[in-house]
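Open the model in your viewer and keep the selection panel at hand. The stops below begin at the ligand and end at a pair of helices.

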Amino acid sequence: MTEALINDAIISIDKVVKRYNGFTAVDEISFNIKKGEIFGLLGPNGAGKSTLISILCCLFTQDSGKITIDGFDNIKDSIRIKNVIGVVPQEISLYPTLSARENLAFYGKIYGLSKKALHSRIEILLDMAGLTERADDMIQGFSGGMKRRINIAAALLHDPKILFMDEPTTGVDPQSRKRIYDTIVDLNKQGMSVLFTTHQMEDAQKLCHRIGIVDKGQLIALDTLTGLLELTGESDLIHVEAKDIPPNAVESIRKIETVQQVSIDEDSMTVQLLKGRELLVNIIDILISEGAKVEFINIKEPDLETLFLHLTGTKLRG
Ligand code: ADP
């Protein structure tokens with residue numbers, strides 16, 4: 001899918017393609033990010049999210065297509081772009097034997113901040129990260145979530161207009177996750193545009209003004225959460241954990257009139273269908289009569305997981 005160019009875009013991505021040794025990781029992706037927007041790029045591992053965000057961060061360039069960030073072309077004006085973007089990479093990039101404050105001072109010097117500006121900026125960002133009291137402790141003693149919060153602070157030292165974050169909540173405890181969510185919302189309220197990638201639908205559902213769904217290098221849907229969920233219609237998702245699910249049972253379930261998708265994993269089955277509550281008993285009956293050993297059943301209303309299954313026939317996770 002593609003999106004028409006818009007006037008209030010701070011980032012515009014037009015038919016971008018990136019190949020690795022002939023393998024197309026990003027396949028003609030086009031969309032815009034509006035000024036002041038929190039935009040989430042959601043998709044499973046291998047979808048091409050990191051490749052696209054790395055191109056936007058000017059780490060490398062696309063094979064074809066055009067990208068404009070705050071009015072600058074990513075190939076011709078990458079140095080200017082680097083002044084307006086903050087980048088939080090997927091991997092933590094901090095020196096373990098330096099303190100949080102020393103790490104921030106190191107990055108601040110790379111950005112060329114004066115000593116005075118750097119000092120006050122570091123205090124503000126330590127406070128934002130909730131780590132003022134741990135500022136002089138070595139990073140090696142920090143939890144994954146605390147390191148991630150300092151990594152985010154490091155990306156904000158030069159007060160960028162746009163923040164790029166690659167999987168900001170991966171490997172993060174719930175408390176730090178909540179703080180990262182709050183930080184993103186606060187920064188956005190102050191006017192910062194944010195683009196992050198995630199394979200966790202909770203991130204996208206909680207934070208984003210708009211969500212782009214990518215799969216196999218392509219943008220397969222883009223809208224607000226409400227708009228995306230409307231695409232699933234009224235369908236429910238039934239998840240069954242069962243041992244020995246026979247192919248006959250799967251075939252019979254596929255034949256039920258309102259069933260839209262059935263996906264099978266080892267020892268589990270997910271069925272997307274209309275009127276899930278009414279048909280739950282039929283589905284369980286089929287499984288049991290065909291010899292499956294049902295252990296757990298769960299039914300849920302449409303969410304991005306349902307949408308992903310609806311669009312691709314596969315589950316988002318795994
Ligand atoms: P995501 O961030 O959505 O997990 P990536 O952008 O990391 O996806 O990867 C997209 C595809 O490109 C994957 O199939 C991955 O294996 C491949 N890929 C990523 N980086 C390289 C690379 N440097 N060389 C070859 N293939 C790569």
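Select strand E2 (23-34) and helix H1 (49-56) together with the ligand: each of these two elements supplies at least two residues of the shell around the ligand. Keep in mind while looking that this is a predicted model.

Next, select the whole shell: Tyr-20, Phe-23, Ala-25, Pro-44, Asn-45, Gly-46, Ala-47, Gly-48, Lys-49, Ser-50 and Thr-51. Colour the shell by class, and five residues come up nonpolar, five polar and one charged.

Zoom in on the oxygen atoms of the ligand. Start from Gly-46, where a polar backbone atom is 2.6 Å from a ligand oxygen. Move to Ala-47: a backbone N or O atom of this residue lies 3.0 Å from an oxygen atom of the ligand. Then show the side chain of Thr-51, which has an N or O atom 2.5 Å from a ligand oxygen. Switch to a surface view of the ligand; on its own the ligand has 560 Å² of accessible area, and the protein covers 59% of that.

How far apart are the axes of H3 and H4, and at what angle do they pack? The axes are 10 Å apart, and the angle is about 130°. H3 is therefore oblique to H4.

Definitions and conventions. Residues are numbered from 1 along each chain as its sequence is written. This is a predicted model: local features need pLDDT of at least 70, side-chain atom pairs count only at pLDDT 80 or more; totals for chains, interfaces and linings use all residues. Side-chain values use heavy atoms; hydrogens and water are left out. A residue is near a molecule or strand if one of its heavy atoms lies within 4 Å of it. A polar contact is a pair of N or O atoms within 3.5 Å; within protein, one must be able to donate a hydrogen and the other to accept it, and residues adjacent in sequence count only if both atoms are side-chain atoms. Accessible areas come from the Shrake-Rupley method with a 1.4 Å probe; for residues, only the protein chains shown count as cover. Helices (H or I, at least four residues) and strands (E, at least two) are DSSP runs, numbered from the N terminus. Ala, Val, Leu, Ile, Met, Phe, Trp, Tyr, Cys and Pro count as nonpolar, Asp, Glu, Lys and Arg as charged, and the others, Gly among them, as polar. Axes are lines fitted to C-alpha atoms, for helices over the stretch in contact, and angles run from 0 to 180 degrees between N-to-C directions. Angles under 35 degrees count as roughly parallel, over 145 as roughly antiparallel, 65 to 115 as roughly perpendicular and the rest as oblique.
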